[in-house]
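Please look at the sequence and the three-dimensional structure shown here.

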Amino acid sequence: MKHTTQLPDRRPLRDRTGAATAAAPSPARTTARRRPSSQQWAAWGFLAPVTLYLALFYAYPLYRNIDLSLRNYTVRSFVQGDAPFTGLRNYLTVFDDPTFAPALLHTVVFTVVSLVFQYAIGLALAVFFTQHFRLSATLRALFLVPWLLPLIVSASTWSWMLNSDSGIVNAALHAVGIGPVNWLTSPDWSLTSVILANIWIGVPFNLVVLHSGLQSIPAGLYEAAALDGANAWQRFWRITFPLLRPVSAITLLLGLVYTLKVFDIIWIMTKGGPADSSTTFATWSYQLGFGNLLPAFGPGAAVGNLLVVAALVFGLVYMRVQRKQGLS
Amino acid sequence: MNRSAGRRLTVAALTVIAVTAGATACSSGEGGGSSKAADSGTYTIWDPYPQFDKGSAWAKLLDDCGTKAGVKVKRTAFDTSDLTNKALLAAQQDNSADVLIVDNPVVSTLAEAGVLTTTEDNKLDTSAVDPNLLAAGQAGGKTYGTPIGANTLALYYNKAVLKKAGVDIASVKDWKTLTAALEKVDKAGEKGITFSAIGTEEGSFQFLPWLWGSGAQLTELDSTEAVSALSLWNDWLKKGYAPNSVINNTQTTSWQEFASGDYAFAENGTWQLANAEKAGFDYGVIPIPGAEGGNAAAPTGGEFVTIPVQGATDRYTTSQKLVSCLASGQNLLDTDTTLSYVAPTGEVQDKQVAADAKLKPWVDAVKAAKGRTSDDLGTKYPKISEQLWKAVQSALSGSKSPKDALTAAQSAVK
Amino acid sequence: MTGVVVTRHNRHSRTWWKTAIGLVLTAIMLFPVYWMLNVSFTRDQDMRKSPPGLFPTDATLEGYRAVVDQQLPYLGTSLVIGLGTVVLTVALAAPAGYALAKLRPRGGGLLSFVLLAAQMIPGIIMAMGFYAIYLSLGLLQSVPGLIVADSTLAVPFAVLIFTAFMSGIPGELLQAAKTDGAGAVRTFWSIVMPMSRNAVVTVSLFAFLWSWSDFIFASTLASGGAHQPITLGIYQYIGNNNQEWNAIMATAVVASLPAAVILVLAQRYVAAGVTAGAVKD
């Protein structure tokens, strides 16, 4: 039923883009009318497994998180399942909390700075590694090694290296005559430290995805540009960068989603402290829900849902941009 | 364009609702049924000791107790920080373990949630247990389990470092003399004291002996006594007697600092005894002094054995046998030796001291210790504790003065 | 004759500095990994030495002894779970990516949107959800259960990546296949998939990495079971009050070594394959 109602407004677009319009009138018309519908069936045939999968495995946790945020859950009502519905009260509690403003600021700073550096470094490395030199493939593979480590280990290693008294970073600074920095224990530095570690963790992801993207750009284009006398810089800005745009967009979007969600690194390194100086929404949500002997599930879930909403907004922006590009 | 987007969103919302409705229908249908009825001969035990694997003495002890009670025991070990959530979730799904071993301050939370049975229901005998230890598992006049062992905090000291600085440990009697000793150590070019002031329950746990030692109460965080306790730590940091890293130290990290042999003192727990023997230098232990002398009360650590609520109440009889087997007599002695804990009953404590004289100061410390959730604080404690560690962190990192930090904490608790 | 030698020498000297830069960058990147290695060999009493030792001078193998005694069997489990996750992820995501990129399904945008939202659900909430579901279904501590759970880390990412890469495949190619009478499935299998090799590799790589290093799902869904992934081995060294850091780090080293070898080998094979493909085109 859906398919029949959709036909009329769908067809003009196909006629404009598809090659079918030029063909003989009567048979072309019937195929044109039938094809979108059969294509729809095929498309959804391909999508069916993933849709089912989403419904099975994501719907319940998502529903749960929304439900948690809309009821007044105490530990007792969590177990007995009789929490009263309180609408948006948990959200209001969260908005009123003195932690809200700093957490928002830290989330924005953490996300933006991490993203910019991860992407820039990742892209620079990807371009570097597309050149053929000895060991390039092996070294590129080695860049992924940090991803083999569970976050609990890599984050602990970072906090080890950044320890005020026995950390290697301060020892190195001392060697060049700079006084110790309280990386994790000073409110002025803690956010910087966790951003640093997060960039380190994010670079390999950007490198690999962007590198794959670069591989898909036909080499012929570069040769033609080189023949036209374009230098390396010009080739990068005129060929690489524009052609990499779809992959860049998805990398940044995914990076954004992952960065908003980062909590392990911050939690292990600073617990969001000292004095909330490195608290983001993700750590705050965890702190409320699980970081305490007496969990506050409701507000914790509410903060988590704010993050979901933030990601959705950016997703919407992404899709708008993509659609515009697709039409033009 | 806009209209179609709008329509899509509506469809989306409807899909989500339909799907979630389906999911809830499913889950409630499945959650209702108890999957346990089928295997009534198997009893599940959850503990927070992932460090003990299948071949360990602890695992064998559980099996033996099962055999004695005529049932099969299925043990699952969780990380402590995970266990509370797991226990709550399992209870929500009506699938609790038969025997649950949890950290003592969690007992009141689980009791509040209605997850645990009282000793009236499960007929557990707790008469032999030291009352100050049992108090952590009591709320509203009811007892929710029995301690399997206890530990607490004291000051370890490095004899070589103190000798070099010319400090006689007998002179350390109160805060003033302790600070004077630290000053001497510092002047001798050695490091003073290390502890854990991390922004978690561990941080509060470590601060409590000083808070209580000042005469302050958990119910009044902004009292002058409490401020004096926080100022003590704060001054140590400012003067360099304690390293800046304490703000982020777990108790393990703090111990590693002490184990480097550079520090004169470390505030740490009973469980480090075995490691102290391995450290390779002479050490001693003194109780944490109170502000004006005497010994400060330290908080009790250690786990409680509890029996969660079951749909099939006839299971309690066997569960009670399992718990009694674990928490009494020779087994209790064995367990507490493995865990490096002090036993919760006077009788077993005597045996422990007879076997190892080094345990004497710890047994005394445990006798003087106090449960965090005692004084009927119960589930108020977690909220107070969170504000307390936040205040400690704010003060030590320099973002607030001790007084402001504690005032803010007190108003946040209310 | 001499000319050949000179050019070869030239080419060699032209790239050696790139190799050098590459080595330096890799060294910087892997320094924390080295530090982990260093700690894994360090004795307890030297762990917080100030200043820290750059090399484990009084190296101890205590950590490794513990790990080799207790953990090695779990490596196999991790491998099975990792490969299972890769297969499941690609099987689910590649067709979906193709449909979203090329077949313009109605509601496709919405689906991508839901995929994005799905990724935002905090891991711990996902894990709690799975825990509740598996508890009822009796799937706790099972390998297939863990594969399915781990795949949720990768599937939304994989669909979006496949969509992004597959939308780069020229439409004329697919049109030509259609004119030749190939159905959607045939087109997908013999044209789209071979052309999406890069995407498949990228997705497989991350699916494998994520499931290999996953900790939250493993600890929630598999702890205490007979088949545990290697990351859970870490828990044996995290006591209630005490953590044995050299053993923890040793576990991480032992856990990452075989996977690192797989990575490097795979990368070589892939690099060769990609260049070969490029030449053919």
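A residue is called buried if 20 or more other C-beta atoms lie within 10 Å of its own, exposed if 12 or fewer do, and partly exposed in between, with C-beta atoms placed from the backbone. By this rule, 49% of the 328 residues of chain A count as buried. The model is predicted, so that local features need pLDDT of at least 70 and side-chain atom pairs count only at pLDDT 80 or more, while totals for chains, interfaces and linings use all residues. Residues are numbered from 1 along each chain as its sequence is written, and chains are lettered from A and ligands numbered from 1 in the order in which they are written.

Chain A has 16 helices and 0 strands; here helices (H or I, at least four residues) and strands (E, at least two) are DSSP runs, numbered from the N terminus. Two residues are in contact if their C-beta atoms, placed from the backbone, lie within 7 Å. Among the contacts in chain A with a separation of 6 or more, 66% join residues 24 or more positions apart.

Chain C touches both of the other chains discussed here. Its contact with chain A takes 76 residues from chain A and 80 residues from chain C. On the side of chain A, helix H2 (residues 25–57) gives the largest share, 13 residues. That side divides into 53 nonpolar, 18 polar and 5 charged residues, where Ala, Val, Leu, Ile, Met, Phe, Trp, Tyr, Cys and Pro count as nonpolar, Asp, Glu, Lys and Arg as charged, and the others, Gly among them, as polar.

The contact between chain B and chain C takes 35 residues from chain B and 28 residues from chain C. On the side of chain B, the largest share, 6 residues, comes from H11(B). The residues of this side comprise 11 nonpolar, 17 polar and 7 charged.

Within chain B, a pair of helices may be examined. The axes of helix H14 (residues 329–339) of chain B and helix H15 (residues 346–355) of chain B come within 10 Å and cross at roughly 55°. H14(B) is therefore oblique to H15(B), a word for angles that are not under 35 degrees (roughly parallel), over 145 (roughly antiparallel) or 65 to 115 (roughly perpendicular). Axes are lines fitted to C-alpha atoms, for helices over the stretch in contact, and angles run from 0 to 180 degrees between N-to-C directions. Leu332(B), Leu333(B) and Asp336(B) in H14(B) meet Val348(B), Lys351(B) and Gln352(B) in H15(B).
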